[in-house]
Amino acid sequence: MKRIICILCLLTLALTACSRREAVEERKLPVVGFSQLGAESDWRVANTASMMQAFSEENGYELLYDNARQKQENQLVAVRNFIVQGVDIIVIAPAEETGWEAVLQEARSAGIPVIIVDREVAVEDTGLYLTEIGSDFLSEGIQAVTWLENTLAASGRAAEDINILHIQGTYGATAQLLRSKAIEDAAQTHESWHIVGQLAGDYTESKSYEVVREFLQEHPDVDVIYSENDNMTFGAMQALDEAGLTYGKDGDVILISFDAVRKALQYCMDGKINLCVECNPLHGPRVDELIRQYLKGETIPKQIFVEETVFTPENLTPEIIAARQY
Ligand code: AHR
């Protein structure tokens with residue numbers, strides 16, 4: 001009897017798998033394996049939602065999704081699983097730039113195209129992926145330091161000694177490497193700019209709060225905080241509040257933040273954050289479009305940067321904030 005039940009179960013499973021495969025074939029649903037690096041920030045949550053929506057069944061996809069919880073080794077396991085399951089296309093939002101060569105080669109050997117989204121991968125053979133789509137993180141950083149230079153000049157502080165506290169995102173991530181490069185390069189060319197601390201905030205609010213609070217206990221003399229994402233800025237604001245230090249437009253500490261999520265824009269319009277450099281997370285429809293182009297055999301550019309802007313209390317309006325999707 002047991003044996004009959006087992007056979008029936010196996011038959012049911014096989015039939016379900018068959019009918020799913022047939023359904024996939026009939027409706028030609030491309031199966032996408034998406035390896036998301038984590039859920040560390042508001043930006044990331046918005047990015048995941050955008051990708052999930054783009055790869056929904058209603059939109060013609062079957063999605064295999066994995067959240068790597070900020071660990072690249074988890075991403076490597078996820079991508080290998082996608083390869084074993086024979087997905088049609090792999091999309092990776094990589095935690096770090098290095099360490100991708102082997103797994104990308106495995107995907108290529110299996111004939112599965114790979115799209116890199118958000119951050120980049122550093123591989124010698126760029127033929128290992130179809131395209132990279134994301135932000136121009138260096139340009140974001142340069143916009144931030146240019147704004148700082150102009151703002152200090154406009155307030156007669158161009159020659160004044162300026163102490164900069166730099167809160168860094170996950171080490172080795174493109175967003176960290178290039179935003180850090182912008183401020184480090186600028187400090188080299190501005191004699192009066194001093195980076196008095198570089199703290200590891202890992203793109204999270206809690207880590208940033210912890211490291212900034214500790215730092216301020218010893219070094220409260222900070223003129224600028226250059227924080228590589230909004231959540232780390234929120235953590236720094238809490239630490240500044242507790243230390244009794246003022247910040248923002250009428251405060252002692254200038255706050256520069258990256259991402260421009262709605263909550264940060266609201267703080268900026270209220271004068272609590274001086275500058276929000278936009279980093280757009282809504283990549284889902286863009287990657288969807290790239291996949292469609294690829295499936296039609298169209299040529300796809302190797303690298304695509306999305307358009308982004310900067311916000312200050314002067315150019316923000318309630319309408320801009322209300323229209324923000326994230
Ligand atoms: O790679 C983009 C960065 O990653 C965003 O600035 C940050 O919020 C996210 O965690």
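Reader: How long is the polar contact that joins the side chains of His190 and Glu149?
Author: This is a predicted model, in which local features need pLDDT of at least 70 and side-chain atom pairs count only at pLDDT 80 or more, while totals for chains, interfaces and linings use all residues. Residues are numbered from 1 along each chain as its sequence is written, and side-chain values use heavy atoms, with hydrogens and water left out. A polar contact is a pair of N or O atoms within 3.5 Å; within protein, one must be able to donate a hydrogen and the other to accept it, and residues adjacent in sequence count only if both atoms are side-chain atoms. Between the side chains of His190 and Glu149, the polar contact is 2.5 Å.

Reader: Is His190 buried or exposed?
Author: His190 is in the loop between α6 (174–189) and β7. Buried means under 20% relative accessible area, exposed over 50%, and partly exposed in between (1.4 Å probe, protein chains only). The relative accessible area of His190 is 17%, so His190 is buried.

Reader: How many helices and strands does the protein chain have?
Author: Helices (H or I, at least four residues) and strands (E, at least two) are DSSP runs, numbered from the N terminus. In the protein chain, the C-alpha trace spans about 80 × 45 × 40 Å along its principal axes. Of the 326 residues, 52% are buried. The count is 11 helices and 12 strands.

Reader: Which residues does Val212 touch, not counting residues up to four places away in sequence?
Author: Val212 is one of the residues with the most contacts inside the largest core. Contact means heavy atoms within 4.5 Å. By that rule, and with residues up to four places away in sequence not counted, Val212 touches Leu165, Ile167, Leu199, Ala236 and Ala239.

Reader: How many residues are in the other core, which includes Leu64 and Ile83?
Author: In soluble globular proteins, nonpolar side chains tend to be buried together. Here another core lies apart from the largest one, and Ile112 and Leu128 also belong to it. Its number of residues is 21.

Reader: How many of the residues of α8 are buried?
Author: α8 reaches 20 Å from its first C-alpha to its last, close to the 20 Å expected at 1.5 Å a residue, where the expected span is 1.5 Å times one less than the number of residues. What covers its buried residues includes α2, β6, α7, β8 (224–227), β9 (254–259) and α9. Among the buried residues are Asp230, Phe234, Ala236 and Leu240. Mostly covered, α8 has 14 residues, and the number of them that are buried is 10.

Reader: Which residue caps the N-terminal end of α8?
Author: Just after α8, Gly244 takes a positive phi of about 75°. At the N-terminal end, a side-chain oxygen lies 3.2 Å from the backbone nitrogen of Asn231, and the residue that supplies this oxygen is Asn229.

Reader: How much of the ligand does the protein bury?
Author: The residues around the ligand (a heavy atom within 4 Å) include Trp43, Arg44, Tyr203 and Asn229. Oxygen atoms of the ligand are 2.8 Å from an N or O atom in the side chain of Arg119 and 2.9 Å from one in the side chain of Arg179. A polar side-chain atom of Asp259 lies 2.5 Å from a ligand oxygen atom. Taken alone the ligand exposes 280 Å² (Shrake-Rupley method, 1.4 Å probe), and the share that the protein buries is 100%.

Reader: Is Tyr203 buried or exposed?
Author: Tyr203 sits in the loop between β7 and α7 and, although not a glycine, has a positive phi of about 65°. Asp202 is found in the loop between β7 (193–200) and α7; its phi is near 55°, and at 31% relative accessibility Asp202 counts as partly exposed. With a relative accessible area of 3%, Tyr203 is buried.

How values were computed: A nonpolar core is a set of buried Ala, Val, Leu, Ile, Met, Phe, Trp, Tyr and Cys residues joined through side-chain atoms within 4.5 Å.
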